[in-house]
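Please read it alongside the sequence and the coordinates.

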Amino acid sequence: MDIIEVLRDIIFYLGLMTPECFESLVVDLNFSNLPCLKLAISKGLGLAIVVGSSLVKLPQVLKIAASGSAEGISFIGVLLELVAITFSGVYSFSNNFPFSSYGESVFLAFQTTIIGLLVLTFSQGKFKAVLFGALYAGAVWTLMNPVICPPSVLWYGQAANIPMILLGKLIQIVTNFRNGHTGQLSAVTCFLLSLGAIARIFTSIQETGDNIVILTYVCSSVVNTIIALQVLLYWNTTAEATALKKKQ
């Protein structure tokens, strides 16, 4: 089988290029075609982010579950992040944006919900955790119903993402600063969230052109990068605090 035909089938199946761009970049090797090159890079990055997001918070989930503690993790911060992720995903879905431009919202929402459930379970009990899960499921159903939540309402939800993301992450930043360590925060998760948010600025510009979505990722990249830097700054003190907690 012709390798070009195999590549064509794979690329078209994943939606990484249009037929015109495939002919230009792959068949003719015309890399001076900047519009097609930017689109291909954006699609590839978007797909990588979506795939990576399916596991990005798994280290955080495992760290909390293994330690049996949610020390150093703000539930309010987790909740605000979950609300922001949910609004972002539903807004993009309702506007028929390419899945590669927002698909990580689905996986991040699922994983963030699990983190919220774990934080509540270890800090306030299983009943509140189950109640939280039920309320969130009901909220998602409501947002996905266009009769109850038309696109115009979802726009305001997307716009509200910016202060929610900033507030949620700032709460975590302040918590880290006051504790002098980052507690049960996973370094891998923090760094991947920061890199993913930065990459999403480019893909959002290329694939959506929606200024409110672009601004959301700009703000997200700033606060996520600050938390990633805190992980580095408090690396030694976090290890000491964790060791002390185990001895107690």
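The largest pocket is lined by 27 residues, and those nearest its centre are E104, L108, L193, G196 and A197. Here a 1 Å grid is laid over the protein atoms alone, a pocket being an open set of points with protein on both sides within 12 Å along at least five of seven lines, a cavity a set of points where a 1.4 Å probe fits but cannot get out, and lining residues those with an atom within 4 Å of a point. Two or more lining residues of this pocket come from each of helix 3 (34-53), helix 5 (75-94), helix 6 (104-124), helix 8 (151-179), helix 9 (187-207) and helix 10 (211-233), with helix 9 giving the largest share, 7 residues.

The model is predicted: local features need pLDDT of at least 70 and side-chain atom pairs count only at pLDDT 80 or more, whereas totals for chains, interfaces and linings use all residues. Residues are numbered from 1 along each chain as its sequence is written, and side-chain values use heavy atoms, with hydrogens and water left out.

The chain comprises 11 helices and 0 strands, where helices (H or I, at least four residues) and strands (E, at least two) are DSSP runs numbered from the N terminus. The C-alpha atoms fill a box of roughly 65 × 45 × 35 Å, taken along the principal axes.

The table gives the volume of each space, that is, the space filled by probe spheres set on grid points joined across faces, edges and corners, together with its lining by class, in which Ala, Val, Leu, Ile, Met, Phe, Trp, Tyr, Cys and Pro count as nonpolar, Asp, Glu, Lys and Arg as charged, and the others, Gly among them, as polar.

| Space | Volume | Lining by class |
|---|---|---|
| Largest pocket | about 510 Å³ | 14 nonpolar, 8 polar, 5 charged residues |
| Second largest pocket | about 280 Å³ | 11 nonpolar, 4 polar, no charged residues |
| Largest cavity | about 230 Å³ | 7 nonpolar, 7 polar, 3 charged residues |

The second largest pocket has 15 lining residues, of which S105, V106, A109, Y136 and V140 lie nearest its centre. Helix 5, helix 6 and helix 7 (126-144) each supply at least two residues of this lining, and helix 6 gives the most, with 6 residues.

Cavities of 30 Å³ or more number 2. The largest cavity is lined by 17 residues, with K57, Q60, E81, K169 and L185 nearest its centre, and the elements giving two or more residues to this lining are helix 5, helix 6, helix 8, helix 9 and helix 10.

Axes are lines fitted to C-alpha atoms, for helices over the stretch in contact, and angles run from 0 to 180 degrees between N-to-C directions. Helix 3 and helix 6 pack at an angle of about 20°, with their axes 8 Å apart, and are therefore roughly parallel (angles under 35 degrees count as roughly parallel, over 145 as roughly antiparallel). The axes of helix 9 and helix 10 come within 8 Å and cross at roughly 155°, so that helix 9 is roughly antiparallel to helix 10. Helix 3 passes helix 6 in a left-handed crossing, as helix 9 does helix 10; a crossing is left-handed if the near helix is turned anticlockwise from the far one by less than a right angle.

Terms used:
Angles under 35 degrees count as roughly parallel, over 145 as roughly antiparallel, 65 to 115 as roughly perpendicular and the rest as oblique.
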